[in-house]
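This briefing goes with the sequence and structure displayed below. It is meant to be read alongside them.

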Amino acid sequence: MAAYREHITVSGTLGIAYAFAAVFALGFSITQAMIAAILTWIAGMLPDMDSQSGKPVRELFGVTAALAPLLLLQHTNQLGIGGDRMMLFALLLYGGVRYGGAAVLGKLTVHRGMFHSIPAMVIASEITFLTYHSPDLRVRVLMAMGVALGFISHLVLDEMYSVQWDGVRIKLSKSAGSAVKFFGKDALPNGMALGLMMFLTYASLTSAGILKAPNQEAAPEVLEVSGTLDDAPAFRMADEPTDSVYR
């Protein structure tokens with residue numbers, strides 16, 4: 001398994017490359033590219049959130065706790081809160097993530113469980129897409145893809161380090177195949193991860209306008225009635241002469 005230093009080095013390098021591609025190939029602004037690079041770098045550490053202790057967990061929850069209030073601030077207008085209440089919610093959110101998040105995950109997860117999986121990568125990227133506030137859909141996709149890039153780099157690096165070569169033959173460690181996977185060993189974590197992934201996928205497709213929300217109904221067709229009868233055909237009674245008509 002790769003060490004913490006290798007993970008942050010690889011994800012940081014990918015973040016820089018991703019930022020350059022976003023500016024020079026895709027036409028995003030430098031600010032947007034820098035945010036995407038930072039998210040890519042942070043996402044390279046996300047799979048280690050299922051560790052029970054150690055430096056990665058402390059730093060991950062510190063960074064996540066700092067990002068959570070910032071994402072909340074982006075939605076202040078939509079939520080209709082501000083001033084002192086906004087500050088209170090930001091502080092509570094920081095404290096809850098910083099000090100309560102690790103304890104909750106320690107009870108619900110095991111190391112190298114479904115946090116090290118392809119569904120977890122999809123979940124992380126879709127949460128980013130849904131929570132990042134921007135009127136431009138391309139910007140939200142940019143941030144989500146950056147998270148997916150950093151996350152998958154962690155999984156691939158762990159699989160690469162599970163292959164051992166002693167100069168004569170290649171051996172696989174016990175952790176081989178436990179990072180890049182779609183399913184784990186237990187049915188309950190699999191069901192929860194796949195169910196959450198499907199829910200967030202539906203929410204993301206709805207937010208992107210690809211799918212229609214259930215409460216959205218088609219607008220009723222509006223019929224325009226003209227008040228002018230200048231072009232109306234002549235009308236006459238059946239027993240009247242042809243030169244007697246009514247308009």
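The model is predicted. Its chain holds 8 helices and 2 strands, and 35% of the 247 residues count as buried.

**Chain**

- Read from the N terminus, the order of elements is α-α-α-α-α-α-α-β-β-α.
- Among contacts in the chain with a separation of 6 or more, 66% join residues 24 or more positions apart.
- The chain has an accessible surface of about 15,800 Å². Carbon and sulfur atoms account for 67% of that surface.

**Helix H7**

- Helix H7 covers residues 137-161, which is 25 residues.
- Where H7 starts, Asp136 places a side-chain oxygen within 3.0 Å of the backbone nitrogen of Arg138.

**His154**

- His154 is a residue of helix H7.
- The relative accessible area of His154 is 0%; because buried means under 20%, His154 counts as buried.
- With neighbours within four places in sequence left aside, His154 is in contact with His7, Gly44, Met45, Pro47, Asp48 and His116.

Note on methods. Residues are numbered from 1 along each chain as its sequence is written. This is a predicted model: local features need pLDDT of at least 70, side-chain atom pairs count only at pLDDT 80 or more; totals for chains, interfaces and linings use all residues. Side-chain values use heavy atoms; hydrogens and water are left out. Helices (H or I, at least four residues) and strands (E, at least two) are DSSP runs, numbered from the N terminus. The expected span of a helix is 1.5 Å times one less than its number of residues. A polar contact is a pair of N or O atoms within 3.5 Å; within protein, one must be able to donate a hydrogen and the other to accept it, and residues adjacent in sequence count only if both atoms are side-chain atoms. Buried means under 20% relative accessible area, exposed over 50%, partly exposed in between (1.4 Å probe, protein chains only). Contact means heavy atoms within 4.5 Å. Accessible areas come from the Shrake-Rupley method with a 1.4 Å probe; for residues, only the protein chains shown count as cover.
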